[in-house]
Number of protein chains: 2
Amino acid sequence: MGITLKDIAREAGVNLSTASRSLSGAYGVHPHTREHVLGIARRLNYRPNRVARGLVTGRSQTMAVIVSDIRNPFFAEVARGAEDAAYAADCDLVLCNSDLDTEKQVRYIDALLAKRVDGILMNSVSALTRAQQDQLAASGVPVILLNRSPTCKRFSTILADNTEGGTLAAKHLISLGHKRLLHLTGPSQHGNLTDRTKAFLKAMQNASLPDPVVIRGQHTFLGGYEMAKRAFAKNRSATAVFAANDVMAFGCIRAALESGIRIPDDLSIIGFDNIEVSQITCPPLTTIHQPKYELGKAAIEMLLKMTIAEEYQPEHRVIGVRLVERQSCRDIRSA
Amino acid sequence: MGITLKDIAREAGVNLSTASRSLSGAYGVHPHTREHVLGIARRLNYRPNRVARGLVTGRSQTMAVIVSDIRNPFFAEVARGAEDAAYAADCDLVLCNSDLDTEKQVRYIDALLAKRVDGILMNSVSALTRAQQDQLAASGVPVILLNRSPTCKRFSTILADNTEGGTLAAKHLISLGHKRLLHLTGPSQHGNLTDRTKAFLKAMQNASLPDPVVIRGQHTFLGGYEMAKRAFAKNRSATAVFAANDVMAFGCIRAALESGIRIPDDLSIIGFDNIEVSQITCPPLTTIHQPKYELGKAAIEMLLKMTIAEEYQPEHRVIGVRLVERQSCRDIRSA
DNA sequence: CTGAAAGCGCTAACAG
DNA sequence: CTGTTAGCGCTTTCAG
């Protein structure tokens, strides 16, 4: 279909390898002939076939990111950071949506390895069996996990400081005088969310306050909505809720709206993530900010470094978080 | 690094091509030997190198989507639909964020063609020069544009029915008794938005109502915010506004909030897109629903079809929209 | 049904 | 500095 290196070599009257060298900008080629070759290439609109190059170099200039769902604004931010870093390094980024489904994850990894991607950023590996993890590790492809998977220290990891964040959320609510709390979180296999939950509960204990009511469900808008509906139906004593991510918080806000519960007058709510829309919800959401874009960007940069270095040790990076106060929490100490 | 077809051929005591045939499930190989080969392959954990295969077949099992920014929830939905369709067809999807920047777009297309992707879904081609468009068309790679670019009918297109949507918005507002309208829209080069605007204005004319005040700006939250601020400062006679997309509508809501204008009591507002968060704004936004996921899915399916058929005609697909009534519009007929 | 051989488009020693 | 020669791992004629 296209025009090949052979064509331009013939046209330029030089050998194939000379043409190759000229184009790849390697040393050891006369500036004159090099310019000549380059000119021909440009004129003929030559587009080097990266597939062929990949076959011989063993590198595909492609990175992959496996997230549960790109529609989750958190992952969209991460993916954007990742893609920007990949673009800067002249790599493509393939996007995979696993829905946290084991079978899909396995199929993705298989396809990715078959295509010899240069690195994989994925948001969990806990769904894989031990054998599958071994195989992935043995493949030699650099892998970075977006959240710590306690079971396997052999992959590199990067994550926001969930423990600090959960603590921050608890302390904030406590400082506003809240004592009876409700907590919405995701499936227990979800490491990130679980860390937030743990830290939150621990901070409450440390403050000698009663254990919050913990509800688990899907970590989505709908999940948050349903959990909140359920909670409101049976228990109205809580004065505040901590949702382990913003989208669950939005679901909760929605449920509150429908149940005639005013926020923050009747109920305070704090989220986690600080996704963009949290500024424009009603009310604007108080939340824990997590540097999503930077997470994705840093992850790909780590991957790039691992790709270059033949030998590398798993690296573990934690990125700081901070409280962002908006209007969804009320001070009830005066009440 | 990996184990190759040669290895499994040797191990199975057959020829390379027999091994290949067994694995690719082609006819003309004895079931017995075939099972044998398959067994060996499984035992040795053979993973066929798709790069090598791609080199000979000329197909990469990879699709690409170029959006302006994946963080825009609209594109996240489209990308998810696209990825699901690609996954179903055993293809990977590479994600590109162009920021609508010409240079980036060109670089992406170049890289994508160099990797011999099987198809490209992109949200505009108007940023490219005529020559660049020619080159893209000449490359033979199937391309689908996410919005109609009037300048080039030679690429396939897919889009929501913006005309119908603009009409729907006007009719809805009219049916509620609104006569003096404000309209917020994006840059005039933006085909999608412009179609909505045109249809909206036309419907007003058809109803013999005064021309709405049209304001153009950035089609973002901030753009909507600034346009609304400007409009509120000089003119308060409008009873309703139609924003050409939801994020502009949110900006408008925000501006109204700050200006002490209550929605929908003082001002009705209707958006376009029905992005997920429009359910949870305050008030929940009445808007025109556009099937984003289906758009992405259908686009990739079209691409797939084009890939198979050697010969194909540019196809133009329009997908229906519908009105979603929520709480941001008030009936003022009784007033 | 199976083997031999050519080649996809490119890079990378190795000589000269 | 440039040409020759091997492949990278796989598919695909073409013979047998």
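Mentor: A residue is near a strand if its C-beta atom, placed from the backbone, lies within 6 Å of that strand. The model here is predicted.

Trainee: Which residues come nearest to DNA strand D?

Mentor: There are 26 residues around DNA strand D, and Asn15(A), Thr4(B), Leu5(B), Ser17(B) and Asn49(B) come nearest. Two or more residues of this surface come from each of α2 and α4 of chain A, and from each of α1 (5-12), α2 and α4 of chain B. By class, eleven are nonpolar, twelve polar and three charged.

Trainee: And what surrounds DNA strand C?

Mentor: 25 residues do, the closest being Thr4(A), Leu5(A), Ser17(A), Asn15(B) and Ser17(B). Here α1 (5-12), α2 (16-24) and α4 (50-57) of chain A, with α2 (16-24) and α4 (50-57) of chain B, each supply at least two residues. The largest share, five residues, is from α4(A). The classes are eleven nonpolar, twelve polar and two charged.

Trainee: How do you know what relation chains A and B have to each other?

Mentor: Chain B can be laid on chain A by a turn of 179 degrees and a shift of 0.5 Å along the axis, with an RMSD of 0.9 Å. That is the relation of a two-fold axis. In chain B, the residue whose C-alpha comes closest to the rotation axis is Val94(B), at 1.8 Å.

Trainee: What makes you say that the copies meet through the same surface?

Mentor: Of the interface residues of chain B, 98% are also interface residues in chain A, so the copies use the same surface. The contact involves 42 residues of chain B and 42 residues of chain A. On chain B, at least two residues each are supplied by α4, α5 (73-88), β2 (92-97), α6 (102-114) and α11 (246-258). The most, six residues, come from α5(B). That side of chain B divides into 20 nonpolar, ten polar and twelve charged residues.

Trainee: Why is Asp101(B) called partly exposed?

Mentor: Buried needs 20 or more C-beta neighbours within 10 Å, and exposed needs 12 or fewer. Asp101(B) has 13 inside 10 Å, so it falls in between and counts as partly exposed. Asp101(B) is found in the loop between β2 and α6 of chain B. Its C-alpha is 9.6 Å from that of Leu128(B), which is 27 residues away in sequence.

Trainee: What makes strand β5 of chain B mostly covered?

Mentor: Five of the five residues of β5(B), 156-160, are buried. In a regular strand the side chains alternate between the two faces of the sheet. On one side of β5(B) are Ser156(B), Ile158(B) and Ala160(B), on the other Thr157(B) and Leu159(B), and all are buried.

Trainee: How do you know that β4(B) and β5(B) pair?

Mentor: Pairing needs at least two bridges. β4 (residues 143-145) and β5 of chain B have two, in the parallel sense, so they pair. Leu145(B) stands opposite Thr157(B). Four bridges join β5(B) to β11 (residues 316-319) of chain B, also in parallel, and there the bridge partner of Thr157(B) is His316(B).

Trainee: Which residues touch the most other members of the largest nonpolar core?

Mentor: That core has 174 residues, and the ones in question are Ala79(A), Cys252(A), Ile269(A), Ala79(B), Cys252(B) and Ile269(B). In soluble globular proteins, nonpolar side chains tend to be buried together. Leaving aside neighbours within four places in sequence, the contacts of Ile269(B) include Ala240(B), Val241(B), Cys252(B) and Ile263(B).

Definitions and conventions:
Residues numbered from 1 in each chain as written. Chains lettered and ligands numbered in written order. Predicted model: local features only at pLDDT ≥ 70, side-chain atom pairs only at ≥ 80, totals over all residues. Least-squares fit on C-alpha atoms with pLDDT ≥ 70 in both. Contact = placed C-beta atoms within 7 Å. Nonpolar A, V, L, I, M, F, W, Y, C, P; charged D, E, K, R; others polar. Core = buried A, V, L, I, M, F, W, Y, C linked by C-beta atoms within 7 Å.
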